[in-house]
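Colleague: I'm still new to reading structures, and I'd like to understand where the words come from. Could you take me through this one?

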Amino acid sequence: MNRIAIDELKQQIPLLEYLQAHDWQQARPIGFGRLLGLCPLHADHKPSFLVDPHKNLFFCYGCRRGGDVIRFAELYHQVEFPHAVALLREWRGVAPLLHEAVGFYHVQLHRHGEAVAYLQQRGIRSPELIEHMRIGYAPGGCLRGWLTQLGYPLSALRRAGLATAAGYDAYTRRIVFPLEGNLYGRSLSDSAPPHRFLPGAKGGLYSWAQAQSYPEVILVEGLFDYAVLWEAGFRNVTCSLGTHLNALQLRQLCDGPRTVYLAFDADANGSGQQAAQCLSRTLGERGVATRPISLPEGHDPTSFFISGGNAQEFHPLLEEASLCDFV
Ligand SMILES: [Zn+2]
């Protein structure tokens, strides 16, 4: 890629937009249009990450790193320059489409009673939570029409994974949750595979920007678990979207001293407990303490809360969770 193409890429991806798409929030403006917030690159407890949206540059007073959007992508995803450029090019292609799809699905949610009923049954009731997670509903058979009417070619929808090879909506009768550069869809129908993601990485830990500043975080495996804990008032909760953590998620959890409470499913076959053990070892080797939570047999956090559990009953489970001594 030549200099001109690199400059063009940087122009097309405003740093602030990229940061916000990766969950970054400004704590306060500091004059001359510049913004200050927590650093997504190190464990930051008081805002030290400076962004200049006009110059498209950042600098962190904590970890003393700075640069443009490509430098940020290199540091954030821990990749070399060419890989960072490739990630940004891919993001540039998919981000506007995803943005439109998320908005469209969010509107559909309130038009489909079956979707709202399903959410209620899974413990998601408050409008505040639905807005916080930007939850939507994919009825199927209408996203393609909407996006092509906005001028997006079918080939772009296929590339993003929003349309199938045959041209149908890829997500049908699914509750959708926007992620960093991806979209998780949970099927309402028993005949379809329950979980679906768009092609590409699942991104970092869910809502990490919010959980990051807590010395103790609760890690769950599914977004419905995240939702019920959030609804019960826990803000130090994050989700790995499965029990296997990718490199970015591991790095996020290990970016500073903290205790991680693991609230994985208590499966009858022990797979959740096994995954928690395995993760405890990995995190322990990196100096992060873990405390696996023992949920009542057969429960995950979702079922715990929807079967009547509340924050007062969950707190003792946190207190009883014993420290794994892998550190
Ligand atoms: Zn920093």
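Colleague: What covers the buried residues of α14?

Modeller: The cover includes β10 (216-220), α10 (223-231), β12 (259-263) and α13 (301-306). Contact here means heavy atoms within 4.5 Å. Helices (H or I, at least four residues) and strands (E, at least two) are DSSP runs, numbered from the N terminus. This is a predicted model, in which local features need pLDDT of at least 70 and side-chain atom pairs pLDDT 80 or more, while totals for chains, interfaces and linings use all residues. Residues are numbered from 1 along each chain as its sequence is written, and side-chain values use heavy atoms, without hydrogens and water.

Colleague: Which residues of α14 are buried?

Modeller: In α14 (residues 311-320), they are A311, F314, L317 and L318. Buried means under 20% relative accessible area, exposed over 50%, and partly exposed in between (1.4 Å probe, protein chains only).

Colleague: Why do you say that they line one face of the helix?

Modeller: Viewed down the axis of α14, the buried residues fall within an arc of 110°, so they line one face. The arc is that of the directions from the helix axis to the C-beta atoms. The face turned away from the buried side carries the exposed residues Q312, E319 and E320.

Colleague: Now to the rings. Why is the pair F72 and Y76 called stacked?

Modeller: Rings of Phe, Tyr and Trp (its six-membered ring) pair if their centres lie within 6.5 Å; planes under 30 degrees apart count as stacked, over 60 as edge-to-face and the rest as tilted. A search of the whole structure finds 19 aromatic pairs. For F72 and Y76 the centres are 5.4 Å apart and the planes at 20°, so the pair is stacked. Both residues lie in helix α3 (residues 69-77), four residues apart, about one turn of the helix.

Colleague: How do you know whether F72 is buried or exposed?

Modeller: Its relative accessibility is 1%, so F72 counts as buried. Y76, at 3%, counts as buried too.

Colleague: What makes F177 and F224 an edge-to-face pair?

Modeller: Their ring centres are 5.4 Å apart and their planes stand at 90°, so the pair is edge-to-face. This pair links distant parts of the chain: F177 is in strand β7 (residues 174-179) and F224 in helix α10, 47 residues apart.

Colleague: What lies over the face of F224?

Modeller: R122 does, at 4.1 Å from the ring centre. A charge sits over a ring if NZ of Lys or CZ of Arg is within 6 Å of the ring centre and within 35 degrees of the ring normal. R251 lies over the face of Y76, at 5.9 Å from the ring centre.
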